[in-house]
Structure formats: C-alpha cells, structure tokens
Amino acid sequence: MSIMRLLLREVQHRKLSFLLGLLAVAMAVALFVALLTMGRASNIETTRLMRNLGFNVLILPKETDLADYWAADSAKGDMPEEYLRRLAETPGIAADHYVATLEKKVRWRGRAILLTGVLAERTAIDARKKAPMGYKIPRGACYVGYAIAHSLGIKRKDTIDLLGKKLTVQRVVLEAGSKEDIRIYAHLHDVQEVLGMRGRINTIQALQCLCGGTMAELQEEISGVLPGTQIVELRSIATARSETRQMVEKHVGFIVAAVLAVCAAWVGLLSLLNVRERRTEIGILRALGFGSSHIAALFLGRAAFIGLLGAAVGFAVGTALALHVGPEIFKLTFSKVRPAYDLLIPLVFVTPLVATLASFLPAMIAVTQDPAVTLTEE
Amino acid sequence: MIQLENVSQVYRSRRGEVRALDEVSLTVRNSEFVVVKGPSGSGKSTLLLTIAGMIRPTRGRVLVNDADIYHLSNRERARFRAQNVGFVFQSYHLVPYLSALENVLLPTMLVSPDARRHTACQLLNHFGIGQRLAHKPAELSTGERQRTAVARALSNRPWLLLADEPTGNLDPETGLQIIEYLAEFHRQGGTVVLVTHERWAEEYAERTISIRHGRIEEGS
C-alpha cells in the first residue's frame, strides 16, 4: 500500500465527486485554451481589420503648413523619392507599410481633382512580410474616384488623357463618401512625369506598429533618418487601433480570470465536501498512526491529480473547440487557428498547482480536524 | 506500562462544561487484560483515545513506559500509535474503498514500506477471511468486518490493543469469537484494554474497571 494507491482507490470509489472536480478543471482549461488558441487568430484578425482603417502616420516635407495641408489635401513642398528607400532600409524604426505618394490638386476636364501618384508599398527591412496596404498600380494605368467617374461617364477599361498622358482606367473606386471620390490614382512615376517632378514625392504614409513605443519616439527615429521632414500622427486612427486592441485583451483577460476563479472556488468546494464526507476515515487514519503530512498528501494529491487530468482533458477539448468554432468566427484568418501545443507543458504544471492551492484550505481543515470527535460521535 | 495520573478531560460547549474524565488515575501493567465498563457517556471511549495519544488531557499526565506521550510532537505521537497501538472500534471503521487485505495492510505502510502482505494474508486466514481478501467492507458480513478490523489492529504487531465495544454490533456467537481473538493476543503477551458492556467478557479479563461520570469507581 502507498499513499498513491490509497488516493487512486478513493478516486475509484467516489467517482462522481472526482468527475465533478475534473469537469470543473477541464472546463476552465478548455475555455482558456480555446480563447488563447482563437485569440491568436483574433489578434491577427484585429490587426487586419484595424489596418483597414488606413495609415496612421504621415511623413511630410518640413515646409508643409499643416493648416494648408488639411485644407488643400495635398502637401506644399516636396522631398526626394529616395527617402522611401532610406526609411525602409533603416532597421529599428517602429513603423511599417511605407507608401510614397505625390499629390496635387489640379483641374482636369473643368473639374478640380486630387491627382495622386502612388508607389507600391515597401516593407521595413526588419519587418515580417505582410499583406500590403494601399494600391499597387502599374505604369500606364489609373484608378478613378467614384464621383469623377460617375459625372464624366468614365468606365473601367476606358482610356483617358490625363494632362497629356494616356492612362487606362483599371478600376472605378467604390463610393467612399469622402474626398476619395474626386481622386485619381496613378503610378507615382506617371504622375511625376505629368507634373514635371521627377524623383520627388510629397508624402510618405506609414503604419506605426503596436510594439509598445510612443509616437514621440517614432518621430525622433524618423527625423534622424529623414532630415527636413515632419511626422504627423493621424490620432483618431491610431487611437482606434490601440483602444480596440486594449479592449479585446481586457475582455479576454476578464473572462479567463473569472472562469479560473469560479472553477477554483468549485474545486475548493468539492474538496471541502470530500473532507466532510471523509471525516470518519480521517479519524481512522489518525488512529492508525497517519500523520498530518499523510492526511494532507491524500487531499492535496487528489487535487493535483484532478488538475493534471483536467489539464490534459481540457487542452484536448479546448483545442477541438477552437478548431471547430474558430473558422466560423475569424473568417479572414481561420487558417491561422492552430493547436497551441506550446500551452500544454505550462498547463500540465500550472493547473495541478492551481487545483492544489484551491484545495489547500479544505486539506488544512482535514489535517486540523480532531479525530477523537469523529471517532466518539456514533 | 500505562499510567494515567490525575487525568481530566473537560469539553467546553455553549451548554456548559462536560467533564468526560475527572481526575482519573489508572495503571495498566504490560501484558494485562483490562475490561472497562460503564454506562453510555461515562467517558470510556474518551479514556481509550486519551491512552492512545489522540486527545490531549486538560489536566494530568499519560505515561507509557515512563514517558509522557503528550510531551511528544504530533508526528512522534502518530508514529507511537503506528508502532505500538492497535485499535478496534464498535463500528469496525474499515476504509470503505479498500479490500479486506488492503485494510489490513493500511497500518503497515507507515512502519514497513515493503508491505507485510504475507503477514496480512496469514492474519486474515487465521481470522477466517482468507477467501474474502479482495472483498470490500460492504461485501462482508458484520462478523467478517469486525474480524478484518481485528486483523488490521494486529497487523503492525502492536503490544497494546485498545478495543472500544468491539462486540456491540455483533451477534453473541461472533462477539465471543472476537473476544477470543483478543484473549489470544493477550496470551501471547499483548496488553488489552477492552471497553464493553458484555458481562461475560469480564471472564477473560484480569481486572475490571467501572467508570461513571468520568470517574473510576472501582478497580483502578
């Protein structure tokens, strides 16, 4: 006979109590695993959705007056296109998705339009390859804003003469309800040619990464690389990104903590009931010479066993749940929902520990229980 | 030798003070068979548990072979019980989820890690339960349960056997059988303190003690 055998025999005898404890732990672990597994997809999805809000950093020539810029929607002054390469190839800057543009308000076919030359996005040298933001427009093509296309009867595949340059309409942009509707996008080099500004740009758009740095730090980093520029934060977009991320993290954190607390209380309560049910047995064991450490080991060992088994069952159930439900919830990133095997080892250690802590008080009650009282109670 | 010197056991509750033992002085010599009798609630069970080192007396000393067992730490007192004392209860108090054999092996895990399986089997055979080693207490008759409990009490080869009304739930024939086992232990040199209401059991004892209202009235 050993304590372990005694423990296993008791578990076999009181199956319902054991299964209820196991169920509580497995449920908590399953929820935790499912949330974390799906949370990884959720993070990617949130990032993508947030990215769709657009760039949150503008790099403008120093001489651009921001008041004029917001009023005219284009920057006064310009800077070398080479800045884009320099920025992208400088490591350690907390931003990515660099898009260089040259933008001017011009009159075309009797209308004021925003002519925007755009170069396909460049990824920062130290960033992972991600889905690009912004447009990738080939030379000789253009995208026409909804309002212009609608009023001038321009359709896809039409050829237009843009200030002396023939361009094919590759896309009529969907109605945005903003100044986007009076914009014509073309390749940066085509627009430079039309405007007679070869090798020049007047805006670099970027996305500040959510890696913990402040905007002031980012401004300092960029100014060091691109002299004669000013860095402007598009605060509403940045704030929305940051607040959404924080909200999701807080929400998940609260759910996990609440479930853990409820399940720990449940395991503790079941342990307490187990102690009450076994009062006479504790008295007998005491009479036979079992010490406090033996009694504590019986109850804490039982809790640890429930925790260990609960971790394994919960991991399997949680993973199955995430793989089943995840693709339904995260439609954009369902392929990223993978079993989080890296959670298994910590769970195998932490769950028995939590279950043991939850049963600590009942175990102490068992240890301090007066055996004489139960043995003389009959 | 067991010596109780002016031992009092007082329980305090909301309804007042209960003196379970009141200035009890008693000596039990080694290899003696002592019967303790008295009405319900007179303090007989409390006396046994006090001798076993399970209830610290409110006053007085309990000496076993000249050593005060209540001067030992809890761990040492538990070890003292495991090595020296066998307990038999009226309600058998077998662990319900262990087989008869495992119940008998239970005390041996504290003393002899390489469990005395062979000895336990011999004991159970001797008590006529050799065919029921794997049976759980619920699958045994009341007589078999009590015989298993006696086997468990003897499995560690104690020198002191404390029996608290072991025949209380048994028919006279089985009860007699149990007392015979205790007498056999005594004949082999063991010390027995038996709490019982059965008059016939006194015939096996060398001495009978009467206890009433926590006081020994005769035979101390």
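At what angle do helix H10 (residues 292-329) of chain A and helix H12 (residues 360-368) of chain A pack? The views below come from a predicted model.

**View 1. Helices H10 and H12 of chain A pack together.** Two packed helices are described by the angle between their axes and the distance between the axes. Here the angle is about 145°. The axes lie 9 Å apart. H10(A) passes H12(A) in a right-handed crossing.

**View 2. Residues of H10(A) meet residues of H12(A).** H10(A) brings A:Ser292, A:Ile295, A:Ala296, A:Phe299 and A:Leu300. H12(A) answers with A:Phe360, A:Ala363, A:Ala366 and A:Val367. By class, eight residues of this contact are nonpolar and one is polar. None is charged.

**View 3. Chain A touches chain B.** In this contact, 28 residues of chain A face 24 residues of chain B. The two chains bury about 2,400 Å² between them. Of that area, 70% is on carbon and sulfur atoms.

**View 4. A:Arg5 and B:Glu102 form a salt bridge.** Their side chains meet at 3.2 Å, N to O. Between chain A and chain B the count is two salt bridges. Across this interface, five residue pairs are in polar contact, with both residues at pLDDT 80 or more.

**View 5. Helices H1 (3-13), H9 (279-288) and H13 (371-375) of chain A each give two or more residues to the side that touches chain B.** H9(A) gives the most, with eight residues. By class, this side of chain A has eleven nonpolar, eight polar and nine charged residues.

Conventions: Residues are numbered from 1 along each chain as its sequence is written. Chains are lettered from A and ligands numbered from 1 in the order in which they are written. Side-chain values use heavy atoms; hydrogens and water are left out. Axes are lines fitted to C-alpha atoms, for helices over the stretch in contact, and angles run from 0 to 180 degrees between N-to-C directions. Helices (H or I, at least four residues) and strands (E, at least two) are DSSP runs, numbered from the N terminus. A crossing is left-handed if the near helix is turned anticlockwise from the far one by less than a right angle, and right-handed if clockwise. Contact means heavy atoms within 4.5 Å. Ala, Val, Leu, Ile, Met, Phe, Trp, Tyr, Cys and Pro count as nonpolar, Asp, Glu, Lys and Arg as charged, and the others, Gly among them, as polar. Buried area is the accessible area (1.4 Å probe) that two parts lose on being put together, summed over both. A salt bridge is a side-chain nitrogen of Lys or Arg within 4 Å of a carboxyl oxygen of Asp or Glu. A polar contact is a pair of N or O atoms within 3.5 Å; within protein, one must be able to donate a hydrogen and the other to accept it, and residues adjacent in sequence count only if both atoms are side-chain atoms.
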